[in-house]
Each structure stands twice: as C-alpha cells, then as structure tokens.
Amino acid sequence: MSGIDEKNNLKRIRGRVILNNVLKGLFFVSTTIGLIFLALLLYRILTQGIGYLNSDFITSFPAPYPEEAGIFAGLIGSIMMIAIVAPVAITLGVGTAIFLEEYAYKNRWTKFIQINIQNLAGVPSIVYGLLGLTFFVYMLRLGYTLLAGGLTMALLVLPVIVVAAQEAIRSVPSDIKEASYGMGASKWQTIRRVILPAAIPGILTGTILALSRAIGETAPLIIVGAATALYTLPDSLLSKYTVMPIQIFNWTGRPQEEWQFVAAAGILVLLIVLLFMNAVAVFIRNKFQKRY
Amino acid sequence: MGKALQNEAMNIDVQTMIENKRKKKSVSGKLEKLIPAFLFLCAAVSVLTTAGILFTLLRESITFFSTTSIVDFYTGTQWSPWTGHFGVLPLITGTLLITLIAAIVAIPLGLMSAIFLSEYASDRTRKIIKPTLEVLAGIPTVVYGFFALTFVTPLLKNIVPGLGIFNALSAGIVVGIMIIPMIASLSEDAMNSVPNSLREGALALGATRLEVAMKVVLPAAFSGIVASIVLAVSRAIGETMIVVIAAGASPTLTFDPTRSIQTLTAFIVQGATGDTTFGSTIYYSIYAVGATLFVFTLLMNMLSQYISRKFKEEY
C-alpha cells in the first residue's frame, strides 16, 4: 500500500548523487587546467631564462651575440615610458572620474561619456597604436619618439583608470561628504580634503594595475615605432626608445635556440617588475583601505 | 531674533547658503568655478579619443578605398599587399579561426571553473584560486606568444602530425587560455550575485548541487555569463602578439588549424613594421584592416553590454 517505492527512489537518488560527484570532479579538473598552464608557463620560463639572468644581462645593451645581449635599454625605456604615462593618465583619469561622479548632472551626456569609456576599454590595443601613429607620430609630428609612445599608452590605460577611480570615489560614504558640507566646506574643498583622501587607496590600486598593463603591452608600441635595437638610452622626450616587451618580441623572433633563452631571461625581468608592481598594489589595498 | 527664525524656516539648504557666501570670496570662488571646467576637459579627452579613433580609421580608410574598390576588398580571397592584391577575406577567416579555437578552449573551461568556484568551492578555496587564475589575465601577451611558439607548438607536434612551426592551432589554444580568467571571473561574479535563497530553496526540495547549479543558478545568471563570453571573444578577436608570434604571417583562406595563417591584427603589425612608407597603399591598407577589426570588436562589446542590460534578472 505504501505509495513510496523506497528501493527505486534510492536507486534514482544514487544516480543523481553520483552524477553530481563526477561532474564536481570534472569542474575541479577544469579549474586546475588554467592553474597548471600558469605553473607550466612560469616553470618553463624560469628554467630557460635563469641561466642568462645575471647583473650583466640587466646592465647590457642589445648585442649580436646571445651571451652579451642585455635588457638595459628596454628596462630603462619601460620606466621612462611609465614616467610619461603615469602623470598624464592619472590626471586625466582621476579628473574624469571626479567630474562624472561629483559634478556631472545625471543626464544623457553623462551617460554617453560613461558608455563611451566602457567601449574604449574594449577597443583592441592595436587600434590605439593606429590612433597614435596618425595623430601623435604624423599629425603632431612627434615621430617615433618616447613622447609619442607614452601618450599613446596613456590613452590606452585611461579607461581602466577612470573606471577604477569612479568605483573608489563612489564607495566613499555620503555621510562624511555631507558632514564636510555641514561644516561649511565648499564642493572642491570637500572633494580635495574628504573624498579624495578616502578614495586614494582604491584609485592607487587600480592605477598601478593599469600601469602594469602598460608595461606589458607590445602591439601599439610596435605600431608607433618603438625601436628594436637601441644602443643608447633615451636622453629626452623626443628620443628614440625601446621597451622590454619589444626587446623580448625581437629576441623571440630569432631562429637560433640561444635567443630563446635570452628572451626567457627578458621575460623574467618583465615578470619581476610586474610582480613588484602588483605586490605594491595589494599592499596599498590591504594597508590603507578603510571600511566604513 | 526675527531673522534667526526666518533662517530656520529657510533651513532647507544650508549648504547652498554657505556656498553662496563662499563664492563671494573671490579667490576660492574662482577656483570653485575653474575646477569643474578643468575636470570637464579631462572627461572630454576620452570622448575625443573615441572621435580620434573614428576619424583616423575613417579618413585613412576612405583614402584607401579611393584606389581599391570596397567590394573587391571585402570579397577578395587573395591578400598579398606587396603584389597589389587586397582581398581581406583570408585575414577575416584567420581571425575567425583563432577566435573559434580560443572559444572552444575557453568557454567550457571558463564556465566549468566558474561553476566550481561559485557552487562547489569553499570560501577559502575560492579566495586562493580566483586571484591565482586572474594572474593569467595579467601576464603580458608577448609572454604567451613566446610560450606558444617555444612550448605549446613543439608539444602539439607530438600529437598532431604535419603541424607547422607557425600554426593557428597553438596560437588559438593559447589565446583561449588567456581569456579563461575573463570568462571564469566575470561568470563567477554573475553566479555569485544569484541570491542564496534560490539555492537553498532548490536544495530543500532535494536537488543535488549539480541540479542547483544547472537548473537554478545558470539560468538566473545567464545574462552575466553570456556577456562575459562575448567580452572574452571580443578580446580574442583583438589579440595581437600571440598570433603575430605563433601563427605566422601567411594569409591563407583556410580553416585548417595546422597551417600558418594571418589575422587582421597580425597584418597591422606586419604592415606597420615593414619598410612601409607613409602615404603608400599598404600604409592606408592597415587602416582599412584596422577599421574592419574595430567594427568587429565594437559590435561584440555593444552586444555584451546590451545582453547584460537587457536580460538582467533583478532579485
């Protein structure tokens, strides 16, 4: 009389439970594939590059022989490039974010700017290279110079910084804003003395991550004419320049196997710089982020 | 006394009153007015950048199409600019081939990672695995290219006979790996924002975790998941360095992944690095190719935004 066929039910439940466990295993394995790939990549580059990575490699210019080649010009070039990108992109990015969050009326134009920034973030980096080539290299007659490359890169990372800064500004609670107005502070005073200090950890974290993207970016700089072999350091904004990824790209393209090791050593230097920047970003986030 | 009362009655907007008074003080008042103008100029730069991109691509493309017919460009099957053949189809199929291989690799792996992280993993596991997976997204693409050429291709040669040194397969797989964290991370965010009450309701009815994931969470997070996939695919279309390094530079109208191909992006690099002179047909052709690429990715990005706006489930 019992309406429940326990035996049959158990069987069906067991099937569902087994399926659940099997797929759980599959999902886990899929997740590890990405991680395994990452580990393989790092291991491979470490073992290939470590033999060539020494102080000579860091302080030498490119050379026709793998044993003598070094990444000095690229390393310094990358740092100088960031010295251009950072002030330009941070000023424009944080300025845009403050404007959109604090000043702009919530109307169609603001929405347009917002959507526009979202779309800019999705434009392939190489298209920025084309923009830089026409606009900075030819129209402004900057030529294949550090300044042209730096400005192109600044535009490339701008949307990332704007979005990060907007999020940081938005997360400042309105209580402290209103408290500042209540004390008689003006709008700009409130922004400068209350909102920005509270938002700075978030802004810095996002900015450092954006700049580390700029350091690793290759394609747009090829288009705006970064040099592949350079035996002097850039001495002005209008000098020729090279950066680490370009050097690595150049070494990768050579047929002899030794150059692969040189490229791997270059990648190690690049990854160490990126690791350092990310560590700083994480440190800032953990150290200074206040919870309201 | 009377004035104080009046003030209290007008207490509506103390901030405005104070600000009005402030503005009378000339220096800070001027600053108050100058700052928004300056900030507006900053915001205008991003709009100008878009305008600049459109203007650049359009102007140079139009010059290009004044010498090469636009119909021939989009229907031609031979791309050899140095002999005067500008048929962009081989570059488009090259790009599609890379994107297809990348999608085949990244969509299942990314989605399964997202399901694992969101539905099965403990909080602690997720907090370790998710950032580690995101490291993949932070690795420069030139590094991926190097890895594809020097490790993945030799590895694949053992499995796939007749694989060239430069081939679409290896480049596509590595592009796929590169976009896994995008799909995994954004889909996980979407699945995470599905309220727990839905999961608990299904679990209480006797569903297994798998059934909860497949029949409750996935449908609820569907828009976010699709948006993340479209975004990742758009990234694959625009990827440059991996294909330049690992896929070679032979524009061929083929869907054979073991052969060397050339993508839209890879040609732009080749066209800009060769001894291309300013004003030559090849110089203008890289802008026509760039415009084609730009339209592809723009459509994908707009589709992604449309999906996540239109089909968003609110709880």
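Predicted model: local features only at pLDDT ≥ 70, side-chain atom pairs only at ≥ 80, totals over all residues.

Student: Where do the domain bounds fall in chain B?

Tutor: Start with the bounds, then look at how the parts are placed. In chain B, residues 19-67 form domain 1 and residues 79-310 form domain 2. Their centres, taken over C-alpha atoms, are separated by 34 Å. Each side brings 10 residues to the contact.

Student: How much area do domain 1 of chain B and domain 2 of chain B bury between them?

Tutor: For an interface, ask about the area and about the atoms that supply it. Here the two domains of chain B bury about 830 Å² between them, and 84% of that is on carbon and sulfur atoms. On the side of domain 1 of chain B, Leu57(B), Glu60(B) and Phe64(B) supply 63% of the area buried against domain 2, more than any other three residues.

Student: Which residue classes make up that side of domain 1 of chain B?

Tutor: Where domain 1 of chain B touches domain 2, there are five nonpolar, four polar and one charged residues.

Student: And how many salt bridges and polar contacts cross this interface of chain B?

Tutor: These are two separate counts. For the domains of chain B, the rule finds zero salt bridges, but it does find two residue pairs in polar contact, both at pLDDT 80 or more.

Student: Let's turn to chain A. How is chain A divided?

Tutor: Domain 1 of chain A spans 6-49, and domain 2 spans 57-288. The C-alpha centres of these two domains lie 37 Å apart. Domain 1 of chain A puts five residues into the contact, and domain 2 of chain A puts in seven.

Student: What area is buried there, between domain 1 of chain A and domain 2 of chain A?

Tutor: About 530 Å², with 77% coming from carbon and sulfur atoms. In domain 1 of chain A, the residues that lose the most area to domain 2 are Ile45(A), Gln48(A) and Gly49(A), together 79% of what that side buries. By class, the touching side of domain 1 of chain A has three nonpolar, two polar and no charged residues.

Student: Which residues of chain A does the UniProt domain annotation cover?

Tutor: A record can be set beside the model. The unreviewed UniProt entry annotates residues 75-280 of chain A as "domain: ABC transmembrane type-1". Over that stretch of chain A, the model is 78% helix and 0% strand, and the end C-alpha atoms are 19 Å apart.

Definitions and conventions:
Residues numbered from 1 in each chain as written. Chains lettered and ligands numbered in written order. Heavy atoms only, no water. UniProt positions renumbered as here; feature names shortened; annotations may be inferred. Helix = DSSP H or I, 4+ residues; strand = E, 2+ residues; numbered from the N terminus. Domains from an automatic or database assignment. Contact = heavy atoms within 4.5 Å. Buried area = accessible area lost by both parts, 1.4 Å probe. Salt bridge = Lys/Arg side-chain N within 4 Å of Asp/Glu carboxyl O. Polar contact = N/O pair within 3.5 Å; in protein donor to acceptor, adjacent residues only side chain to side chain. Nonpolar A, V, L, I, M, F, W, Y, C, P; charged D, E, K, R; others polar.
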